[in-house]
Amino acid sequence: MQAHTSPSAHLHEHRDGDAHYKHYTVQRSQSVLAWSLVLTLGFAVVEVVTGFMSNSLALISDAGHMVTDAAALGLALLAQLIAKRPPSARHSFGFGRAEALAAFVNSLVLLVLVSWIGYEAISRFSQPEQVHGATVFVVAGLGLVINLVLAWMLSRGDSNMNTRAALVNVLGDLLGSVAALVSGAVIYYTGWMQIDPLLSLFVALLILKSTVSVLRESYHFLMGGVPEQIDYLKVGADLEQLDGICSVHDLHVWDMSPGQPALIGHVEIVNLERWPEILHNIKAMLLEKHGIDHITLQAEVAPPGDA
């Protein structure tokens, strides 16, 4: 008999004919997130110090975003490490949802940051503060280079909800660096201090748009919503059109982890002896038409009136 790594391992295993999804993501690499975290955290310290020294809201907001970004990348990295853990006796679905949870938390933190930037920017419109444009320009230029490197690294990494949330943060940093760069140049050459809060507010609105998108996607997943690419009503209709099926009820479709849809339901058929054949046809149809691989169905004898 094959040795198992845990007492419940044989209960979680998938055999011939079962879904290919194993409830954990062994193949996912954490190197991109790890290097992104090191670069972000290192430069965040530089920007925080110089931001307060130069008294620039654009630079302070970018610095605050970098600090938040470092925390977000750390959370994303932790979530991917957790998601690699196999199912256990207490967590039979594994830990794939940790990535969506991290994306959701990161988005909430970004909403708080955007609110603070907006408040500070509006306050500075009426009471402009002196800003050291040259310092802002130099530091923002360095930040722009670092954020371009980070965006390139994350865009070439694994595509999943968690990484996309981290990429949104980095793109927000990229916009913040551009805004701070322009702000420093305008203040240095013209002395117009209102450009600082104006550009900060503009970047905050752009960050808000991307954040809401990730927040909506992660919330929908955590609430067990039907995956965006799947038409729930069409799934039910396609099932009922298969030969031998009278009706379908108690049907549920959701993502066990991002990009891994599952389906459970009850199928009423006339002849239970045909169930193996019908089940084979169901699996083939759901995989081909809807991309659903993880299926659990209960066959029931249809009432005489429905046959």
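Guide: Start with helix α2, residues 31–54. At 1.5 Å a residue, its 24 residues should span 34 Å, and its end C-alpha atoms are 34 Å apart, so the two values agree. The expected span of a helix is 1.5 Å times one less than its number of residues. Helices here are DSSP runs of H or I with at least four residues, strands are runs of E with at least two, and both are numbered from the N terminus.

This is a predicted model, in which local features need pLDDT of at least 70 and side-chain atom pairs count only at pLDDT 80 or more, while totals for chains, interfaces and linings use all residues. Residues are numbered from 1 along each chain as its sequence is written, and side-chain values use heavy atoms, with hydrogens and water left out.

Back to α2: its buried residues are L33, S36, T40, F43, A44, E47, T50, G51 and S54. Buried means under 20% relative accessible area, exposed means over 50%, and partly exposed lies in between (1.4 Å probe, protein chains only). After α2 comes N55, with a positive phi near 65°. Most residues other than glycine have a negative phi, and most peptide bonds are trans.

The protein chain has 9 helices and 3 strands. From the N terminus, the order of elements is α-α-α-α-α-α-α-α-β-β-α-β. Of its 307 residues, 45% count as buried. Contact means heavy atoms within 4.5 Å. Among contacts between residues at least 6 apart in sequence, 75% join residues at least 24 apart.

Helix α3 covers residues 57–83 and contains L77. L77 counts as buried because its relative accessibility is 16%. E99 is 22 residues from L77 along the chain, and their C-alpha atoms are separated by 8.9 Å.

Helix α5 covers residues 133–155, and its 23 residues should span 33 Å at 1.5 Å a residue; the end C-alpha atoms are 32 Å apart, which agrees. The buried residues of α5 include G133, V136, A140, G143, L144 and L154. L144, which is found in α5, touches L174, S177, V178 and L181, leaving aside residues up to four places away in sequence.

Now the strands. The 3 strands form an open sheet in the order β1-β2-β3, with mixed pairing. Two strands pair if DSSP finds at least two bridges between them. The edge strands are β1 (245–257) and β3 (294–301), each pairing on one side only. The twist averages 10° from one strand to the next.

Strand β2 covers residues 260–269 and is joined to β1 by 9 bridges, the two running antiparallel. In β2, I264 is the bridge partner of H252, and Q260 is that of S257. With β3, β2 pairs in the parallel sense over 8 bridges. There, G265 stands opposite L297 in β3. β2 is mostly covered, with 8 of its 10 residues buried.

D250 counts as partly exposed because its relative accessible area is 42%.

Helix α9 packs on the sheet, touching β1, β2 and β3, and its direction makes about 145° with that of β3. Axes are lines fitted to C-alpha atoms, for helices over the stretch in contact, and angles run from 0 to 180 degrees between N-to-C directions.

Two packed helices are described by the angle between their axes and the distance between the axes. The axes of helix α8 (residues 232–240) and helix α9 (residues 275–290) come within 11 Å and cross at roughly 145°. The crossing of α8 and α9 is right-handed. A crossing is right-handed if the near helix is turned clockwise from the far one by less than a right angle, and left-handed if anticlockwise. On the α8 side the contact is made by K234, V235, D238 and L239, and on the α9 side by I282, M285, L286, K289 and H290. By class, this contact has 5 nonpolar, 1 polar and 3 charged residues. Here Ala, Val, Leu, Ile, Met, Phe, Trp, Tyr, Cys and Pro count as nonpolar, Asp, Glu, Lys and Arg as charged, and the others, Gly among them, as polar.
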